[in-house]
Amino acid sequence: MTVKPQNIQRILVIGAGRGGLAMLDLFREDPLINIVGIIDTDPQAPALAIARKHGILDFTNLTDAIKVSRPCLAFNLTGDDSISAYVESQLGSGNIIGGFQARFIWTLLTRLNFRHSRVFPNTEGTHLRDKYFQKKCKKHLT
């Protein structure tokens, strides 16, 4: 099963702490999402090492991350609104999710993933990317 390129969303994850780890875990193998990069100013941030292991570009400089990753949708998981403002100035207002919206999406996806793993305990993996989810997204797949 292949995915139409125009249906793949390019994602830049800003913040490689707990939220960044969750985003990598939820989206890493999703056929409709391409994590094009992850950035944290702390080179020891936990999600950076995971990203490297899976061939995802990692950055410690936000300007470089944006330059290499664009066009993309950026998730600011740092809690710093000034970062969202900067990213918005670089990518446009429709290409940054930060603050309350990022926390809401992260919470929603984490809860859905948890419930999914409880409803389908014997399926391969516990991510929304499994066969059940792919069937639900069939209109995006060729």
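## Two helices side by side

To talk about helix packing, we need axes: each one is a line fitted to C-alpha atoms, for helices over the stretch in contact, and the angle between two axes runs from 0 to 180 degrees between N-to-C directions. Keep in mind that this is a predicted model.

With that in hand, look at H1 and H2. Their axes are 8 Å apart, and the helices pack at an angle of about 25°. Angles under 35 degrees count as roughly parallel, and H1 and H2 are therefore roughly parallel to each other.

Who does the touching? On the H1 side you'll find Gly20, Leu21 and Leu24, and they meet Pro46, Ala47, Ile50 and Ala51 of H2. Sorted by class, this contact has six nonpolar residues, one polar and no charged ones.

## The cores

Now for the inside. The largest nonpolar core has 20 residues, and Leu24, Phe27, Ile35 and Ile38 are those with the most contacts inside it. At least two residues of this core come from each of strand S1 (9-14), H1, strand S2 (33-39), helix H2 (46-53), S4 and H5. H1 gives the most, with four residues. Apart from this core lies another one, of 14 residues, including Val36, Ile39, Ile83 and Leu91.

If you skip its neighbours within four places in sequence, Phe27 is in contact with Ile33, Ile35 and Leu109.

## Two pairs of rings

How many aromatic pairs does a search of the whole structure find? It finds two.

One is made by Phe27 and Phe75: their rings are 6.4 Å centre to centre with 45° between the planes, and the pair is tilted. Phe27 belongs to helix H1 (residues 18-27) and Phe75 to strand S4 (residues 73-76), so this pair ties together parts that are 48 residues apart in sequence.

Phe100 is exposed, with a relative accessible area of 58%, while Phe104 is partly exposed, at 46%.

Conventions. Residues are numbered from 1 along each chain as its sequence is written. This is a predicted model: local features need pLDDT of at least 70, side-chain atom pairs count only at pLDDT 80 or more; totals for chains, interfaces and linings use all residues. Side-chain values use heavy atoms; hydrogens and water are left out. Rings of Phe, Tyr and Trp (its six-membered ring) pair if their centres lie within 6.5 Å; planes under 30 degrees apart count as stacked, over 60 as edge-to-face and the rest as tilted. Buried means under 20% relative accessible area, exposed over 50%, partly exposed in between (1.4 Å probe, protein chains only). A nonpolar core is a set of buried Ala, Val, Leu, Ile, Met, Phe, Trp, Tyr and Cys residues joined through side-chain atoms within 4.5 Å. Contact means heavy atoms within 4.5 Å. Angles under 35 degrees count as roughly parallel, over 145 as roughly antiparallel, 65 to 115 as roughly perpendicular and the rest as oblique. Ala, Val, Leu, Ile, Met, Phe, Trp, Tyr, Cys and Pro count as nonpolar, Asp, Glu, Lys and Arg as charged, and the others, Gly among them, as polar.
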